[in-house]
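Have a look at the model, then go through the points in order.

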Amino acid sequence: MSKLPIETLKLAMAGDRKATESIVEQYTPLVYRMVYAYKFLATEGDVEDLAQEGFIAIQIALETFNPPGEITWEPLS
């Protein structure tokens, strides 16, 4: 897997659909590898259901990622 360009990550975090699709496409093989490695733990659902959970996790990560050096909270005094 190639390194994710920071520009693509920033665009995806800003809501750029093409950048988000690019990231999901890049990580699709990893999602399926994880699904097949851990599908025995799932009591319900098939491979596609589990993969969909992985894709949702990628979307949540893009929405909540805080790049290093950027503080989004106020430290306690």
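1. Let's start with burial: of the 77 residues in the protein chain, buried ones make up 21%. Buried here means under 20% relative accessible area, exposed means over 50%, and partly exposed lies in between (1.4 Å probe, protein chains only). Keep in mind that this is a predicted model, where local features need pLDDT of at least 70 and side-chain atom pairs count only at pLDDT 80 or more, while totals for chains, interfaces and linings use all residues. Residues are numbered from 1 along each chain as its sequence is written, and side-chain values use heavy atoms, with hydrogens and water left out.

2. On to the overall layout. The protein chain has three helices and zero strands, giving the pattern α-α-α along the sequence. Both kinds of element are DSSP runs numbered from the N terminus (helices: H or I, at least four residues; strands: E, at least two). Among contacts in the protein chain with a separation of 6 or more, 45% come from residues 24 or more positions apart; contact means heavy atoms within 4.5 Å.

3. Now the H1 and H2 packing. Helix H1 (residues 6-13) packs on H2 at an angle of about 120°, with the axes 7 Å apart. The axes are lines fitted to C-alpha atoms, for helices over the stretch in contact, and the angles run from 0 to 180 degrees between N-to-C directions. That makes H1 oblique to H2: under 35 degrees counts as roughly parallel, over 145 as roughly antiparallel, 65 to 115 as roughly perpendicular, and the rest as oblique. H1 passes H2 in a left-handed crossing, the term for a near helix turned anticlockwise from the far one by less than a right angle, with clockwise being right-handed.

4. Who makes that contact? On the H1 side it is Thr 8, Leu 9, Leu 11 and Ala 12, and on the H2 side Ala 19, Thr 20, Ser 22 and Ile 23. The residues of the contact of H1 with H2 divide into five nonpolar, three polar and no charged (Ala, Val, Leu, Ile, Met, Phe, Trp, Tyr, Cys and Pro count as nonpolar, Asp, Glu, Lys and Arg as charged, and the others, Gly among them, as polar).

5. Ala 12 deserves a look of its own. This residue of helix H1 is buried, with a relative accessible area of 7%. Not counting residues up to four places away in sequence, Ala 12 touches Ala 19, Thr 20, Ile 23 and Leu 62. Its C-alpha atom is 8.5 Å from that of Glu 63, which sits 51 residues away along the chain.

6. Next, H2 and H3. These two pack at an angle of about 135° with axes 9 Å apart, and are therefore oblique to each other. Their crossing is right-handed. Residues in the contact include Ile 23, Val 24, Tyr 27 and Val 31 of H2, and Leu 50, Ala 51, Phe 55 and Ile 58 of H3. The residues of this contact divide into 13 nonpolar, four polar and one charged.

7. Ile 58, found in helix H3, counts as buried at 13% relative accessibility. Leaving aside neighbours within four places in sequence, Ile 58 is in contact with Ile 23, Val 24, Tyr 27 and Val 31. From Ile 58 to Val 31 it is 27 residues in sequence and 9.3 Å in space, C-alpha to C-alpha.

8. How many aromatic pairs does a search of the whole structure find? One. The ring centres of Tyr 32 and Phe 55 are 6.2 Å apart and the planes sit at 70°, so the pair is edge-to-face. For the cut-offs, rings of Phe, Tyr and Trp (its six-membered ring) pair if their centres lie within 6.5 Å, and planes under 30 degrees apart count as stacked, over 60 as edge-to-face and the rest as tilted. Tyr 32 lies in helix H2 (residues 17-38) and Phe 55 in helix H3 (residues 47-64), 23 residues apart, linking distant parts of the chain. Tyr 32 is partly exposed at 21% relative accessible area, whereas Phe 55 counts as buried at 18% relative accessibility.
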